[in-house]
Amino acid sequence: MQKLLCGLGKRSLSLFVLILLSCSLFSQSDYKIKGILEDTLGNALIYSTVLLLEKADSTMIDFTRSAMDGSFEFKDVPAGQHLVKTTYIGFLPLTVDASSQGEDIDYGVMQMTEIAAELMEVVIKAAKAPMRMRGDTIEYDATTFKVPEGSTVEDLLRRLPGIEVESDGSINADGKSVNRVTVDGKSFFGSDPKAATKNLPAEGISKVQVFDTKTEEEEVTVAIGESENKTMNLELKEEFKSGGFGKVVGGIGTEDRAELKGNYNRFNNKMQFSMVGVANNTGRNGLSWDDYQDFMGSQSFQFDSGGDYGFGGRGNMIFFGGGRGGIEQDIQSIFFNNDDGRGLPENYNGGLNLNYDNKKTKVSSVYYYNQAGLLANSFADVDKFYDGFVQNENSQSIRDDISRGHRTELKIEQKIDSLLVLKFDFNGAYIDDNDTYEAKSDLFRDDILTSISKVTNRTETSGNLLNGRLLMRKKFMKKGRSMGANVSLLKTELNDDWTQNSVLDIFNETGLPIDEILVDQKNDEYRDKQVFKANALFVEPLSKKLFLQSFYNYRDRNETGVRNVNDNLAGEITRNDSLSRTYNNDIVYNRFGSSLRYTHEGITLSTGLAYQLFDLKGSYTDGNINSVLGTVDKQFNNYIPHVSLNFSRIRNLYLSMSYNRNAKEPEIEDLQPIVNNLNPQYIRLGNSELLPEISNAINFYTSKNYPLSDIRISLNGSVSWMENQFSTEETVDENLITTVRPINFGTGNRSSASTSISFPIKKNKFTVRASVWGNLNKGQSLVNGQENNTTRINYRPSIRLNITPSEDLSLYVNASYNNSKTSYDLNDSQNQKTEDTKLGLEFNSKLVGGVYLNSSFNVTMYRNERFNQEQNIPILNASIYRKFMPGDKAEIRFAVYDAFKKNIGFSQNAYGYAVSQRTTDSISRYFMVSLTYNIRGMKSDVRKKSWW
Amino acid sequence: MVVMGINMCIHNVIQMKNKQIRMYTSLKLSIVALFLCSSFVVDAQVVEGMITFNRKTDWVSINAKLPYVSSEEADRRRLTSGNWENKGTNYELSFKGDKSVYQTKKEESSGTYSWRKSKFILVRDYGKKTKKDLREDAGVDMLIEDKIEKTRWKILNEIKEVEGYLCMKAETKDTIKGQTIHAWFTDAIPFSGGPEGFGGLPGMILEININDGDAVTVATKVDLETPIEKLPIPKKMKGKKMDQEKYNSIIEKFIAESIEGRKNPFWRIRY
């Protein structure tokens, strides 16, 4: 026994146990295996690895190495079915049966055959491909054999060692003829082996396998018998197995409701093509984030920030609004443009997308069309509180709007080398909008009728946008050093034509008409905007953890416009010089700054300072030659400090804090001294004296997770205040005609905090998420020359329960209570308290016979204490559906929306020194039957998607 | 030549074995040269060095295999993020004598943002057959101290080159994570260890491929020249102490619960 242990050595301790075990179980004795390894010339193969394997599944039992004379020995092998496998670099592994009931085995000299030098050189060394041996046949991965683009498999085969292709296309492998070619194990176009090799593109092949059909199943053991012919199997690359999906949903309902939605998409590793189309008058756009991903493919997530560099990794910069008509809206925001459930909508959307991506070049192009129609008949009740009196406005309006947009985006990204990337983006858009607005509005002063206005406005807008950007990103050999630079030019043109008709009747305190103001105008306006931007960024590592980031931003925004206002006096059109304007505005912005960033293992701390200069120049005329009515010429500058911290050093904890200061330049509409009299009771003026608004914000966020117990806690807080806040100055005359002018006024303090916790009561069956959100807003404005301070305190606790007791049943409950207190120091008797309580239930279940139920019930209770008003709106939607057809490719659904007929498009709001309530005629109860066809099959799931 | 030191001889064997791959034509010469070495060579297993590995995880493929993910959802993921660049994570395996340590390589910051890296240190003592693993899974630092369990390796008939070394293929299964693991090992580095805690083969493992490419750990640099003074085993290895069995049961439960709750368990545990 002692001797045995020594001989085995450490490695075979377990073998020893095995031996003991087998010794005790069976009375069969152990045996020895030995042999001498030589090459075909009789040279000993030294230090080659010899493996002792289980015959059944080639599990390794032990291994040894051959000695200087090529000899090896396994001692004390328990009786059983074994294999000995010898390996030596450059030689075919030799596998021999080593089963024994206890008799020693001596193979004597075992000759190993070299793998052809050509194979070793070409397959292993040059192509770095794995080589697989079955007995004495060899198989290898053909992916790495380079052939010119457009080559066929036949061209590829000519390059592979061991394979010959005859002039007639017939193939020989290892001197034997290949009589069968399969693709992914399946026969390709019948039995002619040449069909596949002549027709398939070489770049689509991942693997070429040549084997004797008979020995295919013999993977491990020695090949027995030789076949006359060989089979060649070609495996396709994963990327050439293209994917794709698509579905179409059509529904028809009562109340003339209908919807149709379809998408289709096809892709492989390099190309992605997709289309989507939606038409409905149900107000449900029906396009989800999944649909967006299906449509945009690899372009769904845009990681670059648009190139407006700043302190952080992302551009921390001024941006300007979408502009009237929303021409600057991008495709993503159009895609998700959902109606708010008010009014009667009719929408048509659709687009095409094509992406190309081979590691070096990325091209994506997308076209999207949208048409949105909305008919809204609204009733509004607005109270405004002034010093000493209350103004009440009671109005009804009908808006009939239809807008259309064509948008296209093209992106080309080229990797020049591993360090340099160039990118070119182009956007184009064309929009038009047709809007008719009719309204009647009664104004009361402390419940006494003061004026009635009737308005009819018709507007037609059309416009186009061109936007091009060239961007460069460069990294350097020195790690952490990088730079970016870009230039862009945006140009938009908008044409408006509108007619404006209004009658304003003014009454005295006894109800007698004292005045009538008539407006009958036919107007047009041309607006042109050009924005040129240039940005640069450079990051230099100061140490391995410390980086200096410097940036420069330049922007020149030029806007010109011609606004012609013409009075229609009994059919005679006369130009109104007091309201007509031409303008030319130019805002040049320069910013440069630096920040120091410490970043190391979960801590990113950044602090910096920037200096910015605004140069505003403008002039306006009434449109007549040499009639400059005013000019603007203003310069101002600010220092912009920045601090931010991201901390993820501690396991399961994340924390971030930041202080940001930003400047926002005035909207051009606000800067222009233009009179907007679309609503005769509410006149808007421009203010050429407007300064940029500076905002300061401190944000804090922290979250803690306990993944094992599925608990998540988060805390969020923010405080912000302004300098030169954009506010308004309102003047209300004795006839309650309000004139409003944008001004810089007040500091607009806002602070908010929220916290949430989610935890399971029973894991995966019952989880709870509870949160509280609170908000304190202080706003300032000028009303009739008096400062008005509005304070609003909001708090909203909410709870959500996810109850999923089984795969066939789910219940989601959410409840929230929103309490909002608004106080007005101009008139504190008008202090408001509004409450919204919401309760939502979603119940999904699998019923009998493959039928599923999906239902949601939402009640919203609105309450305003001061007006003693209460509004309860319960909305019930429910549907049952069932899949059918083989592969569950189709689904039929019966649905009812707003079963109680309660949707009145209600909203209530308290803002500034006003309180409003509004209802809009909206889609109420309807029934719908819809059919879905999905080429990949439908999946019925009673559970909502989990994002974690 | 015959009186050459053992270590030198070993070195020669390794070097020559490598050269055989690089210059196959000189194979015969090498064999002749080998005859000149002392016969001690075969039993001596002293080798030391450091191997850098890169591990890439294919989230698209892992996601596609989760039981609750429909083929459409799997395709959507491939469509959206299939072409995202994946640079992987680098690890270092230092080995000397019969001990090794495998851990995340400390990387220089790229200057943009820095995330905390999960703790991952695997210490092996093949002499004493013991291991000490510190790993962060399911949000918990776990310190696993146990015997090295014997891996049942099947030896397959495939060879390929990894970082200049000719490797053979072996296969094993992880029943807890449902993985088929392929290891490519070379007998030119006579150390029965490897990356990701795998070992027990007749040579160093230079590549671990889990489930046909879902996670591939491959050697990117093999340094057998620089002597290892002392293995860089961190002094502080703090975590919840447990044995392998306990660890396995935690992981098994976590995977089952995550899948039931339709969450990808491998966001929280190492694939």
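Across the interface of chain B and chain A there are 29 residue pairs in polar contact, both at pLDDT 80 or more; a polar contact here is a pair of N or O atoms within 3.5 Å, one able to donate a hydrogen and the other to accept it, with sequence-adjacent residues counting only if both atoms are side-chain atoms. This is a predicted model, where local features need pLDDT of at least 70, side-chain atom pairs count only at pLDDT 80 or more, and totals for chains, interfaces and linings use all residues. Side-chain values use heavy atoms, leaving out hydrogens and water.

Here's the interface in numbers:

| Interface item | Value |
|---|---|
| Contact residues (heavy atoms within 4.5 Å) | 78 residues from chain B, 102 residues from chain A |
| Buried area (accessible area lost on being put together, 1.4 Å probe, summed over both) | about 8,200 Å², 52% from carbon and sulfur atoms |
| Salt bridges (Lys or Arg side-chain nitrogen within 4 Å of an Asp or Glu carboxyl oxygen) | 10 salt bridges |

One salt bridge to look at joins the side chains of A:Asp294 and B:Arg76, at 2.5 Å, N to O.

Now for the packing. The largest nonpolar core has 65 residues, and A:Met131, A:Met232 and A:Leu234 touch the most other members. Such a core is a set of buried Ala, Val, Leu, Ile, Met, Phe, Trp, Tyr and Cys residues joined through side-chain atoms within 4.5 Å, buried being under 20% relative accessible area (1.4 Å probe, protein chains only). A second, separate core of 22 residues includes B:Val47 and B:Tyr165. Back in chain A, A:Met232 touches residues including A:Leu157, A:Ile163 and A:Arg180, not counting those up to four places away in sequence.

Technical notes: Residues numbered from 1 in each chain as written. Chains lettered and ligands numbered in written order. Buried < 20%, exposed > 50% of the residue type's maximum accessible area, 1.4 Å probe, protein only. Buried area = accessible area lost by both parts, 1.4 Å probe.
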